[in-house]
Amino acid sequence: MRIVMVTDDVVIDRRILQEAETLIDRGNEVILIASGEKGMPQFEWIGRVKVERIRRYILPPRIDSFCAKAMNDVRRFFVRVGQDIGRVIRFFAVRTGRVLVKLILLARGLAWRIVRKNALLPFERVILDRIRWYNPDAIHAHDLPCLKVSVCASRRLHMPLIYDAHELYPEIDTLSRVQKRTLSRMEKRLVRHCDQIITVNPFIAEEMAKRYGVVEPTVIYNAIDRPEGFDPTVAPNRFRESMSIPAGDSILLYQGWMSKTRGLQDLVRAMKMVDDSVHLVMMGYGEARAELEQIVREENLGERVHFKEAVGQDELLYWTASADAGIIPYQPIDLNNYYSSPNKLFEFIQAALPIVANDLPFLRKVVAGEGFGVVAELQSPDQYARAIGEMFDASQGGPGRFRPRLLERAGEYNWANEEKKISTIYSQIGSVEPE
Amino acid sequence: MRIFHGPKNTGGMAGILARAQRELGYDTWSVNYNPGNFGYFCDQVFTNPSIIGRMWEWMWFVLAKAPQFDVFHFYFGESLCGPKLLDVPWLKRMGKRVFFYFCGCDIRDSKYAVTTHKHSACANCWPMNCSRNRIKARKIALEYADGIFVSTPDLLEFLPGARLLPQPIDLEHFAALSQNQGDSAPAGQPGVNRPVRVAHAPSNRAIKGTDMIIAAIERLRRRGLKVQLVLVENQSHAEAIAASGSCDLAVDQLLVGTYGQYAVEMMALGKPTLCHIRQDVEPLYPQGCPIIRTTVDDFENVLGEWVTHPEWWPAAGESGRRYVKQVHDMYSVARICLKAYHGNSQ
C-alpha cells in the first residue's frame, strides 16, 4: 500500500522516520510531505522514505512573498532615509518604518482571517493537491498542525486516517490562552474523523481520551533499537578520550536540545555543589548554549562542565554509553512537558545508562518504576546536587547498581517492540497484513 | 486517408511511423510541439522562441491544418490541446478516428507497480515522473479512442482492450548511423587489447537502475575482469548511437520489466543486450525474443558470464538483428497501425 505521511517538521523527527521505515519493511511505499525552507531541495530521499517539502504560506505564495518583499523594502527605505538626513529625522523615519511594517503584517493577518476558519490555508491546499496526486491508500498525520488538511483529504478522497499525536499540542507553553482554547476545540472536532489515534505515552493517551471523549489512543513509545554491533555491556570511552577527563572521574550526560526552559541553568550551577570527581557533559545544541557557557565561566566550572556538538544518530548510542549516568531535567512548564516521554529516555535505556530524572509522571513510572535510576524534584540547584549525589553515591553502589536492571529490561523499551503496534494499527485499517 | 502523428515525439516514434506510412502510400504528417534534446526527426517542430509565436503556430495548425486529417494518432497521453485532451470528444463528433499510443509513465500506475512487484522502476522514481494527466488520459482513451496501443506489454494491464505495438525503428537510417561507430572491433578478438565495453544510456538513472549497473560493473572490475561501462547521457540521438555502437554489450534497464527503445536500437546494431523482463509479461512478447534476461539479483553474474564469453556475442547479435527486423521494423509496425485505422484490429 501507498501511505502518505504529513508533518510540519523541517528537521524530520526520528519517530516519523522509524514508523516510515517499519511500514516500508512490510512492503509499503511511504511518501512524506514535510515543511521546507529556502534553500532546501523540494524532493529528497531520507533513507528509503520519499520526501517532498512544501513551504508554508499564510496567503497565496505570490501575495505572501510580495508582503515579505514589501516589508523588507519599507524597512530598508526608512533606515536609509534616516541615515541620510540626520539623527532627528532618523528617529522618526525608523519608527515610521516599523509602523508601516506592522500595518503590513496586520493587513496580512486580516486577509486570512476573512477566509472562513475551517477553510484550508494556501499551503494546506497545496498539501491537499499533493495528497490527491499521490492517491495513497492511507494518510498518517503527525501532530495537530497537519490534522485539518489530513482530515480534509481523508474525507474527500475516502481513505483511512491515522493521527499520531507526538505532543499534547494545545498545552504547549508558548501558546496564548486563546490559542490553547482554539486548538483544543479544533483537536476535539477533528479527532472524531480519525480512524486510529496514536500517541507517545499512556498519560497523554488518557488525557486525550478524557478531553475528547474518544477511545484511548494506542501508545507507541519513541523508542529506538541498538545499532548493529553495539554492545551495552562494553562501555566506550569517547568522552574521556576527547575531553581528557581522568579515568577515575565520573561523567553525567545531558544530551539533546539545549532549551532555556529545561532547567539546564540550575543543572550547571548545581555542579558547584557536586563532588569534584563528577563531570557534566552537555551534548547537543540550542538557544541556551551561550547562556550555559557564560554560567560555566562565572562559576569557574570549566574543568568539570564540557560541551560537545550533537552527533549523528548512527553513533549516538556509542557516545551515550561513554557516560556513567544521564540526566533528564525536563521542567513541568506546561501540561505537555509534565506528561512528556522524551527521546533521550529511550536512548539512555538502550545504552544501559543509569538515569537521573525530574519527578514527572512518565519518568517516574519508567525510571523509578523499573529501577533504572533516581527520580527526584529538580527545581533548584540544591535539588539537582542532591539527586546527582545520590546517583554517584559510592556507598550505595554508584550508577552501576542500576545497570543490571537496565540490561534486563531494555527489550521492553526498544523499537522492535513498538513496530509491532504500528503493524497492528495498519492491519486494522486494512493496509498491512497483520504480523 | 490523412493521418496525423503527434504532438509528442517520444523516442522519435511519431516521426518514424509517419514516414513509414508515407512510404507505404499514405498522406501523413508528424508534429512535435516541444523538440526536446535528442533531435529526433519530425516533419514539423514548433520552434518559435517566443510564447506568442508558439501560440500563433499552434492556433494556425489546429484551426487551419488539423481539420484536414482523418485519423489522429496521439502519443504519450496528449492531443492537439496538450494534456487537457479537450479536443478529443470534438474530434470524435467531427467523425475523425482517434488512436492513442502510450509508452510508460504516461499511463503506468506507479502505486500499483510499487506495491505489486518486488523490483520496479516506480519504487526508485522520485519525484514521481508520472504524467499529471495519467488518470484523465486513461479515461479519455477508454471512452473515445478507436484504438489504444502500448509500446511495452507491462502497460496492457492498465488499459483493457489495448494492443501491443512494438517500438518502431527505421533500419535504413539506423544502418547509416551505425557507420559512425568509431573503434568497433569487438574486445576479445586477437589483436584487440581493450576492456569489454558495456553501453548503458539512461534517460532517467533512477528508473533504469543505473546505480545498480554501475555498482555491479565496479564489483566485476574488482574481481579482475576487464570491463568498462560506457555511460551515454545528455547527447543527441546520433551521438548516443555512435557512442553505444563502439561497445560490445549493452544494458537497457533492470527495473521496468520490459525492454525499451534503447534495447531495440542496440539489437539493431547487433549488440547482445541485457535487460530485465518480468516473468508475467514474457508470454506477451513474440517468440524468440533474444534479450538476455537478467534481474537486479543476478545481473553481476549474468554480465560477468557474457563478458568472459565473447564467442557468444556474434550469434546473439545476429539474433537481435533478425528479431528487430521481424518485429520492430517501421514498415511492419506501420502496417499494424494502418489495419487498425481501417477498422481491422487483427
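1. The contact (heavy atoms within 4.5 Å) takes 17 residues from chain A and 14 from chain B. This is a predicted model: local features need pLDDT of at least 70, side-chain atom pairs count only at pLDDT 80 or more, and totals for chains, interfaces and linings use all residues. Residues are numbered from 1 along each chain as its sequence is written, chains are lettered from A in the order in which they are written, and side-chain values use heavy atoms, without hydrogens and water.

2. About 1,300 Å² is buried between chains A and B, 61% of it from carbon and sulfur atoms. Buried area is the accessible area (1.4 Å probe) lost on putting two parts together, summed over both. On the chain A side, Arg2(A), Lys50(A) and Trp133(A) lose the most, together 43% of what that side buries.

3. There are 2 salt bridges between the chains (side-chain nitrogen of Lys or Arg within 4 Å of a carboxyl oxygen of Asp or Glu). Lys111(B) and Asp137(A) meet in a salt bridge at 3.1 Å, N to O. α4(A) gives the most residues to the side of chain A that touches chain B, with 4. Helices (H or I, at least four residues) and strands (E, at least two) are DSSP runs, numbered from the N terminus.

4. Chain A has an open sheet of 8 strands, ordered β3-β4-β2-β1-β5-β6-β7-β8, with mixed pairing. Strands pair if DSSP finds at least two bridges between them. The edge strands are β3 (43-46) and β8 (218-219) of chain A.
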